[in-house]
Structures are given as structure tokens and as C-alpha cells.
Amino acid sequence: MTFEGIYTPVVTPYDADGTVVWDALEKVIDHLVESGVNGLISGGSTGENYAQTVEERLELARFTKDKLDGRLPLIVGTGTMRTPDSIALAEGAARMGAEAILVATPPYSVPTERENALNTLAIDRAADLPIMLYNYPSRMGVNMGEEFLDRVGRSRNVCAIKESSGDINRVHLLARDYPHIQMSCGMDDQALEFFAWGARSWVCAGSNFLPKEHVALYKACAVEGDFTKGRKIMSAMMPLMRVLEQGGKFIQCVKHGVEMTGLYAGPPRPPLKALNKDDKRQLDQVVRVLKSTVQDITAGA
């Protein structure tokens, strides 16, 4: 599988008591399809997978697959603390006809490179689907290092890696030493650098509410090769990156961003709490300026 473009890890709309609002999720899915993103991810951390049971995650993925109705590919997240749970998610993804799975390091257990590779390969065998790896050491505790990549890279299903380490040297390593594993940007404030080093895709939570702006950066850099234009768009997006990453309010900001588009996203499930008025006001201002600036850049102003 070739990963090209913008892949959105979809938010999960909840009502006040934490129940999924299915019609709101359908509207989010339709909005993303119409806005030009290239694929959706169900069961990512942006969708609050850590606050859901395996059964809930499979139900959400099946619903997303049904509502997409073939319009975009679906990637199903399999990241959990327990290998049997990840295998259950992988098997479910295969049964529902998902196009690929997202495979992360189990959090908290701090596996060795060999243990992490064996975990990934067990999930691979359960699904036999294209895999996008997910390297996020600050959350998972360990890197998907060279020993890991050498082991799992032998599988024909390991197609890509979402790199979220924040270490630019990892971008160099992947581009030079593992060209057979497609590199996908997983660190939003380094998107320009990823594209410069040959990345063809970007997994970005902000595309839940600013899909056209994220697509614009991808097209400028990866399609048109116009990095002058890309730098201008990236500069306009940097204030958003800073707001999203401040003080552990990432998911809350993304959900409020969705509501700024006129769609319903609702509050996050506990332990997280919705943004306060000051946080909302700050995000509102940043988004307004960003949209206006990117519109001017893409229009050639």
C-alpha cells in the first residue's frame, strides 16, 4: 500500500455522559471526505482510544468503514497495552475490510527491541494487512530502533512508519537507511522537514478541523515541490502547533476546533476536561488568522 497525502485520526464525539454521538461522527466523516483528505484513522489516540474498550473501538471502526462506503481508505489503530487486545483489533480490522492497520509500541511495559518486534509481528500475522508503524517514544517509553526495524522490515506488510519522536536525526535515518519503509510525518511542527526528506504522507490531528490547510501544505511540498510556498504555509501554521502542544490540551483543542467548523465533537472522556473560555478564545484567534493567511498564500496574494 502506498500512503499519499493527509490521513486524519478521527475524533470521537461524545455527549455529556461519555456516550458516542453516532450521527455527529457521521457528519465529521462526511466533512473530512468532502474536504479532500486522503484517508481516515479510527482508533488513534486523537479518537481517545485509551478511554475505550476493545469492543467500543471495533464498533467505532466498523461504523467509520460503513459510512466511508469506499470513498477513502480506513486505517484501524491497534495500539494497546496487551498483545491479545491488539490482536483482537487487528483481526477485527481484517474482517471489516479495513485497508491497513496502525501498529504502535505497547505503552508502559518498555519492551526490548526484540520484544517489540515480536509483538508487531504477532499483530501482523493476525491481520495480514498493510501496516503503518507508529513510533512515539515520549508516550510509549522506547524507540522503534534499528534492531526493531530490521526485524519487522522483513515483513511485506510493513509499508510505512508514522514518526513522532521529534528527533530530526530519525528522519535522516529512515530516509537513508530504510527507504523501503515509507516515512509519514507524525510530528506536526516538522512537516516541512519530513517532506523535504521525501515523506509523502502526514498523519495530523489538526486536519480534523483544518483539512484544507493541511492538504495545502502537502500539495505545495510533496506534489508541487514548491518549498518557498510550503515555508509560507508552515509559518502560518506554527502558532497552531504551539497552541495544540501546550500543557496537555491537545485532544481538547482538536475537539473544540471541530466545533468551530459547525460540527459537534462534545467533551473528552475523563480524565480529560473540556477547554475553558480563555483557551477557546486563544484557539479561535489562532485559527482565524491561520485560515486567512493560508487562503491568501494559496490564492497567490
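Modeller: Let's start with the second largest pocket, which has a volume of about 170 Å³. Keep in mind that the model is predicted.

Colleague: What makes the second largest pocket a pocket, and which residues lie nearest its centre?

Modeller: A pocket is an open set of points, whereas a probe in a cavity cannot get out. This one is lined by 15 residues, and Ile181, Gln182, Met183, Gly198 and Ala199 lie nearest its centre. Helix 7 (168-177) and strand 7 (182-185) are the elements that give two or more residues to that lining. By class, the lining divides into nine nonpolar, four polar and two charged residues.

Colleague: And what is the volume of the largest pocket?

Modeller: About 1100 Å³. It has 47 lining residues, and the closest to its centre are Ser45, Thr46, Tyr134, Tyr136 and Arg139. Helix 11 (250-260) is among the elements that supply at least two residues each, and with three residues helix 11 gives the most. The classes here are 22 nonpolar, 16 polar and nine charged.

Colleague: What lines the largest cavity?

Modeller: Among the lining residues are Val10, Leu25, Ile41, Gln52 and Arg57. Strand 2 and helix 2 each supply at least two, and helix 2 has the largest share, with three. Five of the lining residues are nonpolar, six polar and one charged.

Colleague: Why is Ser35 called buried?

Modeller: Buried means under 20% relative accessible area. Ser35 has 12% relative accessibility, so it counts as buried. Ser35 belongs to helix 1 (residues 22-35). Once neighbours within four places in sequence are set aside, Ser35 is in contact with Pro211 and Lys212.

Colleague: What makes strand 1 mostly covered?

Modeller: Strand 1 spans residues 5-9, and five of its five residues are buried.

Colleague: How do you know that strand 1 pairs with strand 8 and with strand 2?

Modeller: Two strands pair if there are at least two bridges between them. Strand 1 and strand 8 (residues 201-203) have three bridges in the parallel sense, and Gly5 has Ser201 as its bridge partner in strand 8. Strand 1 and strand 2 (residues 39-42) are also joined by three bridges, in the parallel sense; there, Tyr7 has Gly39 as its partner. Three bridges meet the cut-off of at least two, so both count as pairs.

Colleague: What span does helix 4 reach, and what is expected?

Modeller: Helix 4 (residues 113-127) has 15 residues and reaches 21 Å from its first C-alpha to its last, close to the 21 Å expected. The expected span is 1.5 Å times one less than the number of residues.

Colleague: Which residues of helix 4 are buried, and what do they pack against?

Modeller: Asn116, Leu121, Ile123 and Asp124 are among the buried ones. The buried residues pack against helix 3 (83-96), strand 4 (100-104), strand 5 (131-135) and helix 6 (146-152).

Colleague: And what comes just after helix 4?

Modeller: Asp128, which takes a positive phi of about 50°.

How values were computed. Residues numbered from 1 in each chain as written. Predicted model: local features only at pLDDT ≥ 70, side-chain atom pairs only at ≥ 80, totals over all residues. Heavy atoms only, no water. Helix = DSSP H or I, 4+ residues; strand = E, 2+ residues; numbered from the N terminus. Buried < 20%, exposed > 50% of the residue type's maximum accessible area, 1.4 Å probe, protein only. Contact = heavy atoms within 4.5 Å. 1 Å grid on protein atoms, 1.4 Å probe; cavity = no way out; pocket = protein on both sides within 12 Å on 5 of 7 lines; lining within 4 Å. Points joined across faces, edges and corners; volume = space filled by probe spheres on them. Nonpolar A, V, L, I, M, F, W, Y, C, P; charged D, E, K, R; others polar.
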